[in-house]
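Hi,

Here is the structure I promised to pass on. Have a look at it first, and then read my notes below.

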Amino acid sequence: MINNTVKLLNESDLQLDKQISYRKPMYSRIIKENLSKDSLVLMSSMQYGIILFASVIIAFGMGFERAYWIPMSCCSVLLGSSSLSTIQRALQRTVGTIIGMLVAVLILVFEPNTWTIVILMAILMGTAELLIAFNYTIAVMFITPNVLLMSAAITKHFDTYLVVPRITDVIIGSAIGLIGVLIVGRNQASKKLPKTINNTLRLQANILHTLFSSNKYQHSIADSTIIREMHTEIMNTKAMYQAALNEMDNNVKKVEYLYPIIFTVEQLAFTLERAYEKVTSVLYLINL
């Protein structure tokens, strides 16, 4: 492979007669890998759905005005990857909403016409899209008045009657999401990370023994799901590591010490997968 690379680099003719094989991401395979009881993605999705369902029940069951703002706020807060980031998003959304409402009230006091509202909405939304990746609080300060102006344009009522419901619903929705995350998984990732790493290493040891032992290959290896299971464990390990770094009351330095292990495990998974593909190709040719 090194010799072929040197030949390619020293080739004078731009029309290289070389065939390069590459892979496109198999989204169906990713979905299939995560439809497992061992998948962290599936468990997180179920927790996300339960908390969001609770917010919908509270919002519509207690008859809040514009009740859909509560699950929307809860959904935004739950986008945090850990308990610490969830707290940050809850505070950012609450503070940004309050400041944004003050801006909206200041605009509506002047009772702008339809074209003025359209121009202001375009400016506010464009600014929010530019700033949302930079700072969520500042982005919400532009999103909130845009929502109020949209409601004013639809109802033709240029007043501030939605200020209190908006602030109330955002605070309640953020609180539901925050409480749900703290109850379900405050330090869940850091506790499960060592076990997940052990499971991944044990699974890779089984693959290594299957591929390189002195025993003859079994024809059933081509139909085995062991590589899929390894992908699931790798994704779980990486996701738990990122979540553990941002958990509250957690020793970040202690978690960072595990990164060389995770990096090595990921590189070993790549090598084992390539070896598995070669073995299955040989078995396929033998069967032919």
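In helix α4, the buried residues are W69, I70, P71, S73, C74, S76, V77 and L78. Buried here means under 20% relative accessible area, exposed means over 50%, and partly exposed is whatever falls in between (1.4 Å probe, protein chains only). Helix α4 covers residues 69-78, and since eight of its 10 residues are buried, it is largely enclosed by the rest of the structure. Helices are DSSP runs of H or I with at least four residues, and strands are E runs of at least two, numbered from the N terminus.

Before going further, some housekeeping: this is a predicted model, so local features need pLDDT of at least 70 and side-chain atom pairs count only at pLDDT 80 or more, while totals for chains, interfaces and linings use all residues. Residues are numbered from 1 along each chain as its sequence is written, and side-chain values use heavy atoms, with hydrogens and water left out.

Cysteines next. There are zero disulfides in the structure (a disulfide being a pair of cysteine sulfur atoms within 2.5 Å). C74 is in none, and the nearest cysteine sulfur to it, that of C75, is 7.5 Å away. Seen from C75, the closest cysteine sulfur is the one in C74, and that distance is too far for a bond.

On to charges. Side chains of opposite charge can pair when their charged atoms come close. I get three salt bridges in the structure, taking a salt bridge as a side-chain nitrogen of Lys or Arg within 4 Å of a carboxyl oxygen of Asp or Glu.

- K238 pairs with E266, with 3.0 Å between the closest N and O atoms. This one links distant parts of the chain, 28 residues apart: K238 is in helix α10 (residues 226-245) and E266 is in helix α12 (residues 259-287). Both ends are partly exposed, K238 at 39% and E266 at 30%.
- E273 meets R274 in a salt bridge at 4.0 Å, N to O. E273 counts as buried at 11% relative accessibility, while R274 is partly exposed at 29%.
- E277 also bridges to R274, the closest N and O atoms being 3.8 Å apart. These two are three residues apart in helix α12, so about one helical turn separates them. E277 is partly exposed at 24%.

Taken together, E273, R274 and E277 form a network of salt bridges.

What about the surface: which residues make the nonpolar patch of about 380 Å²? They are V56, F60, Y68 and M72. Patch members have over 30% relative accessible area and no salt bridge; like charges are joined within 9 Å, and nonpolar side chains (Val, Leu, Ile, Met, Phe, Trp, Tyr) within 5 Å. The areas come from the Shrake-Rupley method with a 1.4 Å probe, and for residues only the protein chains shown count as cover. F60 belongs to helix α3 (residues 40-61) and is exposed, with a relative accessible area of 53%.

At 7% relative accessibility T196 counts as buried. Leaving aside residues up to four places away in sequence, T196 touches E233, N236, T237 and M240, where contact means heavy atoms within 4.5 Å.

Cheers
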